[in-house]
Amino acid sequence: MTFLPSRRLRLLLPVPEALLRLSGRHFCYNDAGMSPRCVPACALAVPLTPQASSVAIRSVRWLDTQPALTKATRLIPWILALILVLSVHGSPQIKPAQAPTAPVPSRVFELRIGDEIEPIMAEYLDGGIGEAARQHASLILITMDTPGGLGSSMEDIIQHILSSPVPVAVYVSPTGARGASAGFFILLSADVAVMAPGTHTGAASPLIEVGGFPLNVDDTLKKKILNDATAFLRSYAGKRGRNAEVAETAVTDGKAFTETEALDQKLVDLVANSPADLFSKLNGQTIKRFDGSATRLDLNNPEVVTLEMSARQRFLSRIVQPDVFFILLIAGVLGLYVEFTHPGMIAPGVIGAIALVLALFAMHILPVNFAGLLLIVVALGLFILEAKYTSHGVLAVGGIVAMLLGAFMLIRSPLTGAGVSFGVSLGVTLPCAAVTIFLMRLVLRSRSWKQSAGAEQLVGTRAEVTQAIVMVGGEGATASFQGMVRMRGELWRAVAPVAIPAGAQVRVVRVTGLTVHVAPA
């Protein structure tokens, strides 16, 4: 029995047992019970008999004329691929072993206190602590060099440090830096208190200052302020494991400590030469947080991210300084005063309005004492009265004293000394008094000046009679004296109470329309 294959699917078809030969095709045969074999047609040596050729050709034609079968065979690879895909997705997948990844380096966020502590500085530190928490930092490093600042801003910073989810280290650095007054309170509130060699801290006695000079208060008020400050310091210093009794001496006695003294008396935890030295000493250490939990610090080659103040914060930090606030306030008032007394100058009004708005913004942030503002307003009123009335300088001196006291009392900060300095107060008050008195005297003097425009400017002008002024009309009350005068090269109709001959000099006493009323000069 002989089998004939199709072009795409090998099908064994029965043909006579004769040897077949067909150009370009393979043929399969089963001879004498042997398994089917396929050989090329060119390998067959015996030519086809006519009968076998006709049978083979009819068989091939039958295979080639089956389109449905051919289309079905084309779908078989796609069906097999679909079955394979479904079997792969349906079966559990074994992920290849991944190579171990390098450990992510720890991150340290660095913030800086390099000036007085005021509301914008507090805003900057609060925002930095929040950003470090969102970035899951390992440590917050606050580098500090400050003489102190406002008590309200200090308390705000300490509250954020105590509640920070990220450990906070406060580092008094570089060499020669200090963490005085409010800085001492902030240093002791940190999870890790560190000082560089050659630095000092302390001197945190509460002060009520006037122009940089301490103001003496009665014993009751002094004790009240001291007790409040020491209680605030004890509320967190003890829980940080620091010597609260020694820390209180910085408040009650104004005592200051070098880095060695602070370390020996357990006010700080470390003395480090640099931030890198600090990280190496803290690496692997376990610290106790304010809430009682323990945190291990991993600071092996940390990535240090320095957060700087934004341009807005740098600008506003200058505005909210007490000295700058006082200057803006007085400059704004003077600018508007000049514009009101001398309309049309424009520039003083514009500058004054901008300065006053900036001062109002700072007033919203700073702890302003309204008694100080009232004294400044009284001082301006006394300067104006000095220009109007003759007081031999008494009102001017009273205005200067009132403005100085107002400047000293303008910013209230009982815990830490911060306010308008004496030099700035005096340097602004004296020019303000001089300008206010000078301008007001110009305004008052201008009221007696002769008008230079309109009909009123002719009053008092001398004229020459060109046509004799004689009586016109009847006698008695109805009589009037009229004539012509030359004044400034112009001829005017003149009316006088008496007759005046031609060529005489007269003086204008009143102008009515195009008629001047004159009198003998």
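K239 sits over the face of F290, 4.5 Å from the ring centre. A charge counts as over a ring if NZ of Lys or CZ of Arg is within 6 Å of the ring centre and within 35 degrees of the ring normal.

This is a predicted model, in which local features need pLDDT of at least 70, side-chain atom pairs count only at pLDDT 80 or more, and totals for chains, interfaces and linings use all residues. Residues are numbered from 1 along each chain as its sequence is written, and side-chain values use heavy atoms, with hydrogens and water left out.

The whole structure holds 4 aromatic pairs. Rings of Phe, Tyr and Trp (its six-membered ring) pair if their centres lie within 6.5 Å; planes under 30 degrees apart count as stacked, over 60 as edge-to-face and the rest as tilted. Two of the pairs are tabulated here.

| Pair | Centre distance | Plane angle | Class |
|---|---|---|---|
| F184 and F257 | 6.4 Å | 20° | stacked |
| F185 and F232 | 6.3 Å | 25° | stacked |

F184 belongs to helix α5 (residues 182–189) and F257 to strand β12 (residues 256–258), so their pair ties together parts 73 residues apart in sequence. Helices (H or I, at least four residues) and strands (E, at least two) are DSSP runs, numbered from the N terminus. F184 is buried at 0% relative accessibility. F257 is buried too, at 1%. Buried means under 20% relative accessible area, exposed over 50%, partly exposed in between (1.4 Å probe, protein chains only).

F185, in helix α5, and F232, in helix α6 (residues 219–237), are 47 residues apart. F185 is buried at 2%. F232 is partly exposed at 21%. Ring pairs also join F185, F232 and Y236 into a cluster.
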